Each structure stands twice: as C-alpha cells, then as structure tokens.
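Please look through the sequence and the structure below before reading on.

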Amino acid sequence: MAVGGGGRRFSRDPRGPQIRINHRIRVPEVRVVDADGSNLGVLSTEAALRRAQEVGLDLVEVNPKAAPPVCKILDFGKYKYEEKKRQREAKRKQTIVEVKEIKLRPKTDDHDLDTKVRAARKFLEAGNKVKIVCRFRGREITHPERARMQLDFLVSKLEDLANVEQRPIMEARTMAVLVAPKPVVFQRLASERAQRERDRANQKHPDGSPVLPGEEGHEDELEDDEDLDDDEDLDDDDEDEEGEGDEGQTGDEAS
C-alpha cells in the first residue's frame with residue numbers, strides 16, 4: 001500500500017533564512033551582546049527583550065546556531081541598511097568574468113580577421129574571456145588546417161593581453177580556442193575601479209551636497225558586436241550552394 005503524498009515536493013523558502021527579532025525569538029534563553037559591544041552573558045529571552053525595549057532598540061538574533069543563540073541589542077532598521085550597503089559594495093568590487101564569443105569562417109579574409117582581433121582585444125581589456133570559434137560549412141571541414149592557421153593568427157595578435165586556456169580543438173563542425181586575460185589586465189581594471197570609487201566619493205551636487213550611492217549612474221556595459229558572425233560569409237554560402245547546383249546541372253547536361 002502506497003504511503004505519502006505522491007509527487008508532492010517541499011522546497012526551502014526562496015527568500016533564504018529570515019532574521020528573528022524581538023518576540024519572534026522563541027528560545028527560553030539567549031547570550032546577549034549590548035549595543036556598545038559589551039557581553040551581558042546568558043539572559044532569559046524575556047529579560048533580554050526588556051533590556052532592548054528600555055533603550056528603544058531591538059533584540060536581534062545574530063547567531064542562531066550557537067548554544068544558546070547569540071542576540072545583539074541594536075537598531076534593526078539601521079542594521080538592515082548597513083547589511084544591504086555591504087552587499088552592494090561587495091557586488092561592486094567583485095570581478096565577473098564572462099565568456100565572449102567571436103565567430104569566423106575558414107574563408108574569412110585578412111581584413112575581417114583584423115576586425116575580429118580588435119573586437120577580441122576590446123573584450124579582453126574589459127576583463128572577459130574570449131572564445132574564438134571557426135565554423136565549417138559543407139566541404140570546408142576537409143581543410144581544418146585553414147581554421148587552425150586563422151586561430152593561431154588571432155592568438156598571436158592577443159598574446160600581450162591573453163593566455164591560452166584551451167588550445168584549438170574540434171567541436172562537431174567547429175574548431176575553437178579559449179583565451180583569458182592576463183593578471184596584468186585584472187590589476188589595471190582593479191586600479192581603474194579604485195580610482196572611480198575615489199572620484200565617486202568626492203563627487204558633489206551643484207549645491208555642494210555629496211552624491212549618495214543610490215544616485216550613481218550605471219556605466220555603459222560592453223555590448224557584443226552584431227557583426228561578429230560573418231553575415232557576409234553566410235551570403236557567400238548561399239552563392240556557393242547555388243554554384244554547386246549549377247555545376248551539377250552542367251555535368252548532367254554534358255553526360
């Protein structure tokens with residue numbers, strides 16, 4: 001006999017763990033840290049709550065896993081504001097490395113390869129990894145050496161900015177290489193970010209008041225170039241396919 005709720009599933013609260021404050025703290029006793037940082041020792045939860053109310057503050061559970069849980073007397077509204085501020089600062093300072101993709105064809109000409117190099121350098125200078133993919137169409141796959149030459153050429157033009165993370169390898173009907181910025185690039189970006197932070201801290205409104213963090217403008221992000229997919233090559237493919245068909249018809253007629 002089957003027991004249970006079938007396909008019923010239980011999931012955790014997507015909002016994550018909730019901080020318990022004041023009357024939501026239901027354990028009988030807690031270790032209390034006063035607003036000035038002094039340790040008040042273990043008190044009953046009711047006594048700790050009365051102490052917080054006497055000074056017009058909140059009793060906030062800061063370490064629920066301790067035995068007994070640790071609570072601190074503080075201004076919960078200010079605590080939440082400071083916590084969000086720390087999270088924003090950490091997010092602003094963290095380095096997010098994306099993988100940008102540049103596509104080419106075995107028959108991409110030298111002028112277009114130079115365009116690919118400039119795009120790849122732009123991505124690398126912004127701190128992103130770059131995956132260069134050479135796509136094969138039709139009988140092009142019988143000449144992988146041409147794609148290998150192109151990828152080696154692009155890598156040689158990027159060696160002052162990038163290290164090769166993945167050597168050229170075949171992936172289905174493509175050959176790809178992955179390069180990543182050198183540490184010196186990240187050092188430069190960190191230096192520029194620190195300078196922006198200093199400039200932002202010194203920024204003021206016309207009336208002389210400081211610009212608050214929430215008033216900062218978003219910097220323009222580097223966008224993918226729409227012309228990196230060799231659309232012209234796709235048009236050439238159509239012409240090649242038509243040409244192949246014409247050749248076939250000519251052969252039939254000749255026979």
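A polar atom of the Asn 128 side chain lies 3.4 Å from the backbone nitrogen of Glu 98, a polar contact in the sense of a pair of N or O atoms within 3.5 Å, where, within protein, one must be able to donate a hydrogen and the other to accept it, and where residues adjacent in sequence count only if both atoms are side-chain atoms. Asn 128 sits in the loop between α3 and β6, and it counts as buried because its relative accessibility is 7%; buried means under 20% relative accessible area, exposed over 50%, and partly exposed in between, with a 1.4 Å probe and protein chains only. Helices (H or I, at least four residues) and strands (E, at least two) are DSSP runs, numbered from the N terminus.

The model is a predicted one, in which local features need pLDDT of at least 70 and side-chain atom pairs count only at pLDDT 80 or more, while totals for chains, interfaces and linings use all residues. Residues are numbered from 1 along each chain as its sequence is written, and side-chain values use heavy atoms, with hydrogens and water left out.

Four strands form an open sheet of mixed pairing in the order β5-β6-β8-β7, where two strands pair if DSSP finds at least two bridges between them. Because β5 (99–104) and β7 (162–171) stand at the edges with a single partner strand each, one side of each is left without a neighbour in the sheet. From one strand to the next the twist averages 15°; axes are lines fitted to C-alpha atoms, for helices over the stretch in contact, and angles run from 0 to 180 degrees between N-to-C directions.

Within this sheet, β6 (residues 129–135) and β8 (residues 174–181) pair in the antiparallel sense over six bridges, with Cys 134 opposite Met 175 in β8. Helix α3 (residues 110–125) packs on the sheet and touches β5, β6, β7 and β8, its direction making about 180° with that of β5; contact here means heavy atoms within 4.5 Å. Strand β8 also pairs with β7 in the antiparallel sense, over seven bridges, and Asn 163 stands opposite Ala 180 in β8. The hairpin of β7 and β8 has two residues between the strands, and in it Ala 172 takes a positive phi near 55°. As for burial, eight of the eight residues of β8 are buried.

Nonpolar side chains tend to be buried together in soluble globular proteins. The largest nonpolar core has 24 residues, and those with the most contacts inside it are Leu 124, Val 130, Ile 132, Leu 158 and Val 179; such a core is a set of buried Ala, Val, Leu, Ile, Met, Phe, Trp, Tyr and Cys residues joined through side-chain atoms within 4.5 Å. Its largest share, six residues, comes from α3. Leu 158 touches Val 117, Ala 120, Arg 121, Leu 124, Ile 132 and Val 179, leaving aside residues up to four places away in sequence. A second, separate core of nine residues includes Ile 25, Val 30, Val 32 and Cys 71.

There is also an open sheet of four strands with mixed pairing in the order β2-β1-β4-β3, whose edge strands, β2 (39–44) and β3 (58–63), each pair on one side only. Strands β1 (residues 29–33) and β4 (residues 70–74) pair in the parallel sense over three bridges, and Lys 72 in β4 is the bridge partner of Val 33. Helix α1 (residues 45–54) lies across β1, β2, β3 and β4, running at about 125° to β2.
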